[in-house]
Structure formats: C-alpha cells, structure tokens
Amino acid sequence: MSGFEKFLEWAEKHGWRIEECAEGESYDIPEVYRGKLGEFEDIIKKYRVISNPGYTAWLVLGSSLSDTSPDSAEITWDYYKSISIDAADGDDELNAVNQWWDRHFPFLLSVDYGYEFYAVNTEDGSVVYACEPMFEDGEKAADSIDEFFAGVVKGEYLFCFQDYFDGDNFIG
C-alpha cells in the first residue's frame with residue numbers, strides 16, 4: 001500500500017472530506033508544473049477535494065486549481081506566492097521569488113496556525129515545508145511525496161495535523 005493510500009485511510013478515519021473527480025471532470029495543472037510532479041499528478045487527476053473537517057487544511061487538487069470552482073476558497077493555490085511577489089523589493093527579489101515558486105508546487109495548504117504549506121520540489125521530487133513570513137526559506141521535510149504521506153500517518157509532520165496529536169502521541 002502506498003503512502004498516499006495509507007493517508008487516505010487515515011484521513012477518512014479522521015473525518016476529512018474526500019471527493020473523487022466525476023467522470024469527464026478534469027482540471028488543468030499549471031503549465032510550469034506539468035510533467036514535473038511525479039505521482040502527485042495522478043492524484044490531482046483523480047481527486048477533486050481532500051480537506052480536513054474544518055476546511056482549514058487541504059490538498060491542492062482539481063477544484064482548488066480552478067478559479068471557477070464552486071469550492072474555490074478565498075485562498076487560492078498560489079496565494080502564498082502572490083504574498084511573496086507583493087513583498088518583493090526590486091527586480092532581483094522578484095526574480096528570486098518567481099524562480100523558487102517555479103520549482104515548488106504547493107500541494108498541501110493550511111491556515112490553521114498561520115499560513116503554512118508543503119510543496120513538491122519539481123527538480124528532485126522531495127517535499128519542502130514552509131511557513132510565513134518567508135515562504136521561500138522552506139526546509140526539506142521528506143525525500144518523496146510517498147514518504148511524506150506515509151509520514152503523516154505516523155505523526156511525523158504535524159503543522160496542519162496538530163489537532164490529531166495529544167501532546168505525547170499521534171492519535172491514529
């Protein structure tokens with residue numbers, strides 16, 4: 001069983017909203033990331049929504065990639081990038097911000113404890129964790145997306161999963 005399949009079982013057990021895409025329903029992956037997300041591209045194509053019960057943490061999937069979706073949140077999949085672009089001081093900073101985001105696809109966003117996310121590094125497939133105020137100062141969290149999802153189930157990544165941790169143990 002893959003790390004993502006284990007995560008789906010865990011998410012369902014904890015009341016996460018999980019919806020597969022309807023037959024014929026499809027969403028475009030932003031061009032800069034197409035062909036660079038590995039197994040996560042298949043997840044995007046299969047699932048429409050995966051979010052926690054409070055809708056404060058969600059995977060960037062079909063409905064959240066579409067500006068016209070009825071499920072569109074006020075915080076779009078690229079909202080954190082737009083914050084960094086707005087804060088960039090000069091062309092050099094702006095170029096650095098754009099280059100970083102062109103190499104990192106934010107696949108799991110959270111607003112539970114501030115603005116946080118996990119992103120796929122499109123160059124090596126690793127997973128990066130980042131939070132405000134300096135999103136581009138992210139740290140490597142896992143070697144792969146599969147390792148990341150398997151780690152969520154084991155309690156290794158807590159940012160938007162803190163509500164499932166009792167202080168000593170991950171409530172699995």
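Me: Why is Arg-17 called partly exposed?

Reply: In this predicted model, Arg-17 has a relative accessible area of 23%, and because partly exposed covers the range between the buried limit of 20% and the exposed limit of 50%, Arg-17 counts as partly exposed.

Me: What makes the pair of Arg-17 and Glu-19 a salt bridge?

Reply: The closest N and O atoms of Arg-17 and Glu-19 are 2.7 Å apart, and since a salt bridge asks for a side-chain nitrogen of Lys or Arg within 4 Å of a carboxyl oxygen of Asp or Glu, the pair qualifies.

Me: How do you know whether Arg-48 is buried or exposed?

Reply: The relative accessible area of Arg-48 is 13%, and because buried means under 20%, Arg-48 is classed as buried. Its salt-bridge partner Glu-25, with the closest N and O atoms 2.9 Å apart, has a relative accessible area of 23% and is therefore partly exposed.

Me: Why does the pair of Arg-48 and Glu-25 tie together parts that are apart in sequence?

Reply: Arg-48 and Glu-25 form a salt bridge, and Arg-48 lies in strand 2 (residues 47–51) while Glu-25 lies in the loop between strand 1 (17–20) and helix 2 (39–46), so the pair links parts that are 23 residues apart in sequence.

Me: Why is Asp-91 called exposed?

Reply: Asp-91, which is found in helix 5 (residues 91–102), has a relative accessible area of 59%, and because exposed means over 50%, Asp-91 is exposed.

Me: What makes the patch on the surface one of negative charge?

Reply: The residues gathered in the patch are Asp-89, Asp-91, Asp-92 and Glu-93, and since Asp and Glu count as negative, the patch is one of negative charge.

Me: How do you know that Ser-144 is in contact with residues beyond its neighbours in sequence?

Reply: Leaving aside its neighbours within four places in sequence, Ser-144 is in contact with Gly-125, Ser-126 and Val-127, where contact means heavy atoms within 4.5 Å. The C-alpha atoms of Ser-144 and Ser-126 are separated by 4.5 Å, although these residues are 18 residues apart along the chain. Ser-144 is found in the loop between strand 7 (139–142) and helix 6 (145–154), and its relative accessible area of 24% makes it partly exposed.

Me: How many helices and strands does the protein have, and what is the pattern along the sequence?

Reply: The secondary structure comes to six helices and seven strands, which follow the pattern α-β-α-β-β-α-α-α-β-β-β-β-α along the sequence. Of the 172 residues in the protein, 45% are buried.

Terms used:
Residues numbered from 1 in each chain as written. Predicted model: local features only at pLDDT ≥ 70, side-chain atom pairs only at ≥ 80, totals over all residues. Heavy atoms only, no water. Helix = DSSP H or I, 4+ residues; strand = E, 2+ residues; numbered from the N terminus. Buried < 20%, exposed > 50% of the residue type's maximum accessible area, 1.4 Å probe, protein only. Patch = residues over 30% accessible without salt bridge, like charges linked within 9 Å, V, L, I, M, F, W, Y side chains within 5 Å. Areas by Shrake-Rupley, 256 points an atom, 1.4 Å probe, with all protein chains shown as cover. Charge placed at Lys NZ, Arg CZ, Asp CG, Glu CD.
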